[in-house]
Each structure stands twice: as C-alpha cells, then as structure tokens.
Amino acid sequence: MTALPRARSALSLVSRLVRAAARPFSRTTEASRRLAEVEERLRLALSGARAGFWEVDLAAPALRCDESFRALYGFPPNEPEDRARWRDRIHPEDLPRLQSELDEALAGDVTAWNREFRILHPTEGERWIHDRVRVRRDGRGRPVAYGGLHFDFTPRKRMEDALRERETRLRLAQTAARIASWDWNVATGAVAWLGPMQALLGLDADHPPSTEVFMGMIHPEDRADVDAALAATLAGGGALDTEFRIVRRDGAVRWLAGRAEVVRDATGAPTRMLGVNYDVTARKEAEAALARLNADLERRVQEGAAKVAHLQKMDGLGRLTGGIAHDFNNLLAVVMGNLEALQARLAGDERSAQLVASALRGTERGAALTGRLLAFARRQELNPAPVDVSALVRGMSDLLSRSLGPGIRVETRFAEALDPALVDAGQLELALLNLAVNARDAMPDGGRLVFAVDAVEAGGDGALPAGSYIRIQAIDAGMGMDAETLAQAAEPFFTTKAVGKGTGLGLSIVHGLAAQSGGAFSLRSAPGEGTTAEILLPRARAGAPVPLAPAPFERAPPGLRVLVVDDDPLVLAGTARMLEALGHRPLPVGSGFEALSCLRSGQALDAVITDEVMPGLRGLQLAALAARERPDVPVILATGFADIPDSAGRIVAARLDKPFGLPAIETALARATAAPARLPARAASGA
C-alpha cells in the first residue's frame, strides 16, 4: 500500500513538471496566433487603402515587399521581388527626381521624407503614388536599409486637378467677362474676392479684400440706395439686384451691377452673402445716349414739321414755275418764229434788221432763262453732251454777279487746252449756281469765291472708273463746317439755315448731277478755313457724242446666292423680289449685325448687296469686316446720296445708285462677280 501513494506522488510531480514545461510553449503559440491576426488585419487595411509596404536592404541590395505592394504595381502574387522591374514601373519623367532625392538622403543625415510620383500600371495606366520613406541606420549612423509605405491617391489627385482646372477656367471666364465674385461673412465682416475685383475697382492687384474699401467707393448719391437694398436682402427680401456708381481712386466714375444671394442657418439668420459685380458703364452710357437721342428726335420732329410745310410750299412753287416756264417757252417760240420770218423779209433794211436781230437775242436769253426755270422745277431730263466748262463758267458771270451781290468777289482759274466734259449744261449751271449761293451765305460779310477748272486723273477705287476727269472747284473763304455738319451736308433736306431760308436740296442736287453724269462730288471744310466743293465730270472729245453710261456689263451668272442687307423692310423685300426675277437666290436680313453673322457662319455666298446708311453697322463698316472675314465674297454698296471715301474701292466691288431697277442690279452683280479678286484680308485692312 505504501508503494501506491508513492507512485501517485511521483505521477503528480511528473504531471506538474510536464505542465510547467509546456506552459512556455503554450504562451508562444498564443503570441503567434495573435501576431498572425494583427498581420492579417494590417494586410486587409493596407489592401483596402491601396497601400503597400516595401524595403530595400543595402547590403544585398534586395527588395522586400508585401502582397499589397505587388498588387499596387500590378506584379503577380508570390513572385520573387525584383527591384529592376519596380524601377521600370516608375514614370520615366519622375524617376530621375526620385533617384536624386534618395541619393541626397542616403548621403546626408535624413531619416524620413515624403514624396509623390507616377507609376505606369500594366492595366490601369498612369497612377499617382504617395510614399512615406524612412532610412534605417546602424549605431554609427550609416544607412543599412530604406523603405516606406506606398499609398495610391490617384482619385484624389484627379479630383484636385479637375478642381484646379475648373477654378482656372472660372478665373479666366471672370477675367474675360470682367465679372468679380465675392463671399461676405455677415457675422465677422470678413470678405473674400475672386476674379478681377481689384481691376474693377481700380485698385492694385495685391490689394487685400475689404468691405470698407468697397462700400467707401460707392458714389455718395447711390450709397443710401445700396444700403437699403442690402438691408432688405438680409432681412429676407429676396436676392440682391442693384446697379450703382463707384468713384475710383483715379477719379473715374463707373457703373457696377450687383447680384447676390444670402446663405442662412437653421434658424433663418443670415450667415453669408455670395454675389458678383460687373461693369455696366457702356450700357448705362448707351441708355443715356438713347435718351438724349429721343429728346433730340422729338425736337427734330417738331422742326421737321415746319420744314415739311416749307418744302410743300417750295414744291408748289416748283410746279408753278415749271408751268410758267413751259407756257413762256411756247410764247418765246411764237415770238422767235415770227421774228425770224420778219428778218427774212427785211433784206436791204439794215436798221430794221438790226432791231429784229436784237429782239432775237432777247428771245434767246429768255429761252436760257426758261431753261434755268425748268431746271429749278426739276422738269428737265439730263441731256449730256460735250461742254466747254471754262466757257460755261465765263458765260455765268452776269448771273453770278446778280445772284451774289457786290460783297462777293468772283475769281476764275482755268487750265489751258482742256477737253470738254460730258454733262448736261443746264443742270451744271444750276449746280454751280447752288454752290455759289451756298458760298455767299457762308460769307455774310463778303469775301472771295474762286471757280477753278482743270483736268485730273482719278478713279480706279471702285467708286469711279479709272480715267481722266474734268474737275470744277468752288473755293470760298467762309466760316467752314465742323465734321458732323460736313458729314450730312450733301444729304437731302439737311440745312443749317433757319426755316424759310433754305430747302436743304442744293448740295444734294449737285451730288445727284455728278453721280448721274458718271462723276463724283465731294466737300472739304473745317471751321474758320472755308469750304472747297469739288465736282468731277467725265472727259469727252469735243464734237464727238459720248454715251452717258459705259457699255453694259455681261449678264451675271444665273442662280447667284446674294446676301441682301437693308434696314427698310420695303426696300429689302423689293430688292429680294428683283433678284428673284433675275433668277438669283436672295438671302434678306434687316441689319448689318445679322449680315455679319451670316458671313461668319461660313454658308455659301456669291455676293452681298448692302445699304450704306443703317443703324448700328453701316454698309461701309460691314464691307470692311467682310473683307477680313470673307474676302472671297464681293460687296455691292447701295446708296442714294452719301459720298463714298476714296478708300472704299479696296472693300467695295461695285456701287448701286438708289433708286435702282433690274438692269442696274444685274450690271452691279456682273461687275462685282467679274472683278479681280480683292486683296487678302490683311492687305484690305491696311496691315
């Protein structure tokens, strides 16, 4: 029995010894299990964050990395580490920089730094990596290894780039449109400016945002309105919408528009106000100009009513004068016929023959007078013929003396051996008389009026054919005209004289005669320097009948696509119908701006017919823009009275004199489409 207790005691001791010996192994197994769990959690965390661990042992050198690192670079799992393949995946533009940073860190005492670079993933393309690098050193500070943790932040990088690009575009758009935005913290008063706010306010580019500075620049007369609008908006009165003036530090006054909305908290209290400002000075000035124009238009309507009454009286006088002249011509014909018959019967009676001859000269002067009366009444058609202009001016000396009075001294200058001009002599007399009377009125205290006649070479610019012309100049020493008056002087019914003192038709009659005769009329004047009126008439050979108009052009090709521009709907529709009747395809528009849009759209066009006097964009301005935008499309200028500058030939292919009919349109189209190609846009613009 004693052996059994001993055996039990020994067994118990062995059991305790075994348990004691097994305890360290149990603790080791538990630690290993927990370590594995931690490693698995770390692996999952790194994988979810697209992060990977790596290290390079400088003694080998060899790369060690985890599976997350392999996945980050697109390496197959469980493949041996390859440092060279890793370097090949780094973007070639970033690799030199990374190598330089590493060399500097290993050579110095740097132990940690961050870096960003791109890699080329085999399936996902370019990716952005953020790397936190650390260097391990031995006890003597020498590097033994370096490694880090890679994070893929490509989505964030792309969002940052997209945000930066949008901000850049917004800034460029704001700058181009001169729109400045702002963010005002209502509680603190702090404000942030975005866009060209400093430029809008005339401040330096680096001037700090300031609510006080902005509000202090508001015009004193507008400050109360702006304060009231702000208060109403903050109180819940809707979005801010106001316009006001500012006085910049350089003294310039500008108009700004303000648009803003309020951001409120959960209680409805305002916390922020977001808004924009932009310059509306041009619009405000245009509105003011329009108001002045309307007021001036009302005044002109009143003056026009008085002028219409006067013109009606003048028209009635013209009809009466024409009727009297016609009847008087009939009487003169009877008298002249009887005198000539009587003269034939008085052979041998010298004294009686002299009396009859004197009476016949009187009837001839009466006939000349009736011719001028008919010209005044505008009852005569043009009858162009070769005219010795110098002799015509000399023959008007008595008429000029009676019309101008003793205070005006008339001088003449005639070049020698001049060819005759092709013109209606009676209408030319009337035109020169109109110029003389205008010169007299410009010299109320008397002065000198010079009529000069010579020959010049002119034309070839589109407004006139190139050739030799007879030039007639009427030069006075009167008060002259300013630029605005000069620009309107030849327009019908325009006059600077009081109602009842002039019809405003004199210069327009001269202009019409010159244009209908194949020539041109122009004025040069300045205040205090007198006025020079110049008529160019085509030259003719003496005694040789020369046609008034040049031989007609060949018909234009059928089916032309013609852009028609006129602000008068009736004229526009009529021109379009005439083009259709000629077999062409019109494209009518009502303004120069619409026509410019059509030209810029690139649609097929063969020609443009544009009115000259239009609101907004005149015909010559449209022609200049067309020469730059579409030099392949010729422009035909339709005008009734406006003078065309010498430079118009570079941008206008042909001219239509209003009113015009089918033959005139066809001739202009034929001339424009058959003309040589115009200069390139650069040359046409004078560059």
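We'll go through the sheet, then a helix pair.

Mentor: Quick ground rules: this is a predicted model, where local features need pLDDT of at least 70, side-chain atom pairs count only at pLDDT 80 or more, and totals for chains, interfaces and linings use all residues. Residues are numbered from 1 along each chain as its sequence is written, and side-chain values use heavy atoms, leaving out hydrogens and water.

Trainee: What is the strand order in the open sheet of 5 strands?
Mentor: Helices (H or I, at least four residues) and strands (E, at least two) are DSSP runs, numbered from the N terminus. Two strands pair if DSSP finds at least two bridges between them. Here the order is β19-β18-β20-β21-β22, with parallel pairing. β19 (585-589) and β22 (654-657) are the edges with a single partner strand each, so one side of each lacks a neighbour in the sheet.

Trainee: How many bridges join β20 to β21?
Mentor: There are 4, between residues 607-611 and 635-639; I609, for instance, has I636 of β21 as its bridge partner.

Trainee: At what angle do α17 and α18 pack?
Mentor: Angles run from 0 to 180 degrees between N-to-C directions, with axes fitted to C-alpha atoms, for helices over the stretch in contact. α17 (592-601) and α18 (619-629) make about 10 degrees, axes 11 Å apart. They are therefore roughly parallel (angles under 35 degrees). Contact means heavy atoms within 4.5 Å; among the residues making it are L596 of α17 and L625 of α18.

Technical notes
Parallel < 35°, antiparallel > 145°, perpendicular 65-115°, else oblique.
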